[in-house]
Amino acid sequence: MSIITQRGNLGEIVVAKLVERIDSGLYAPGEKIPSSAQLCEEFGVSRTVIREALTSLKVAGRVIARQGAGVYVTDKDARTLNFEISRIDDIRSAMQILELRLGVEMQSVALAAQRRTPEALAEIARAFDHIENLDTNDAGTEARADFEFHLAIAKATRNPHFPRFLEAVMGEINFDLVLKHSQSGRSYNAYLKKVNKEHATILAAITQGDVKAAKQALSAHLEESLNRYRAMLSEPADQRTKG
């Protein structure tokens, strides 16, 4: 029997339940969590829902998949290290992945505007609302919500290869998103409002079926991160390493 009783997005509910178990210590750092089949049976949901929930947890750095061994709770110290933004090679690699994303997601957002369905629009809107209503200072949680917005757009293309691509490079995407969401203070609050406004513009263009506007909005959104990386890479090394 399903343990899910509340209404809402099943994936988000499963994520919340699993995060609760990790935070409470029920699933301890380094411990293997139940298999997808066991979670499907326990929550009474499909494998797709569980896969998407685990993807969200991977993006947030809460769990790690070990090939042939299963999914394990990330060690707290290792999770902290995953969010360290210091090595120049990491920044350059993230920038290169972002350049690739820009090309792929430009087509993704165009197809989403063309092929949108009421269900797909509802999923993108839910992801947008989730970001808007977040009340957290955790960069990983914000990064996961940001990723889910882009993933919802990819799914709206009705071409499974677009969401698969994003999930395949989610580690590098997570690096970018955590960097973006790791700022603090008044400047960050203003930046977050700017990002949310960009998301709103993308959502509006897709909703209206305006391909040109959707591509322009997405381009402006991702170019922001590219320009940030270019600026970081042009700084003297001693400035980058000061903390």
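Modeller: The dialogue below treats confidence, fold, cores and charged pairs.

Modeller: This is a predicted model, in which local features need pLDDT of at least 70, side-chain atom pairs count only at pLDDT 80 or more, and totals for chains, interfaces and linings use all residues. Residues are numbered from 1 along each chain as its sequence is written, and side-chain values use heavy atoms, with hydrogens and water left out.

Biologist: What is the mean pLDDT of the chain, and where is confidence lowest?

Modeller: pLDDT is the predictor's confidence in each residue, from 0 to 100. Where it is low, the predicted coordinates should not be read in detail. Here the mean for the chain is 80, and 76% of the residues reach 70 or more. Helix H12 (residues 237-241) has the lowest confidence, at a mean of 40, while helix H6 (residues 118-132) has the highest, at 94. pLDDT stays under 50 over residues 78-88, and is likewise below 50 over residues 235-243.

Biologist: How many helices and strands are there?

Modeller: Both are DSSP runs, numbered from the N terminus: helices are H or I with at least four residues, strands are E with at least two. The chain has 12 helices and 2 strands, in the order α-α-α-β-β-α-α-α-α-α-α-α-α-α. With contact meaning heavy atoms within 4.5 Å, 71% of the contacts between residues at least 6 apart in sequence join residues at least 24 apart.

Biologist: Which residues have the most contacts inside the largest nonpolar core?

Modeller: In soluble globular proteins, nonpolar side chains tend to be buried together. Buried means under 20% relative accessible area, exposed over 50%, and partly exposed in between (1.4 Å probe, protein chains only). A nonpolar core is a set of buried Ala, Val, Leu, Ile, Met, Phe, Trp, Tyr and Cys residues joined through side-chain atoms within 4.5 Å. The largest one has 28 residues, and Val109, Ile124, Phe149, Ile153, Ile202 and Ile206 have the most contacts inside it. Helix H5 (88-115), H6, helix H7 (139-155), H10 and helix H11 (211-234) each give two or more residues to this core, and H5 gives the most, with 7. Apart from this core lies another, of 19 residues, among them Tyr27, Leu39, Cys40 and Phe43. Over the chain, buried residues make up 43% of the 243 residues.

Biologist: How many salt bridges does the structure hold, and which parts does the pair Asp23 and Arg62 tie together?

Modeller: Side chains of opposite charge can pair when their charged atoms come close. A salt bridge is a side-chain nitrogen of Lys or Arg within 4 Å of a carboxyl oxygen of Asp or Glu. The structure holds 8 of them. Asp23 and Arg62 meet at 2.5 Å, N to O. Asp23 lies in helix H1 and Arg62 in the loop between helix H3 (47-59) and strand S1 (63-66), so the pair ties together parts 39 residues apart in sequence. Asp23 is exposed at 53% relative accessibility, whereas Arg62 is buried at 12%.

Biologist: By what distance along the helix are Lys194 and Glu198 separated?

Modeller: Their side chains meet in a salt bridge (2.6 Å, N to O). Being 4 residues apart in helix H10, they are separated by about one helical turn. Lys194 is partly exposed, at 36%, and Glu198 is buried, at 13%.
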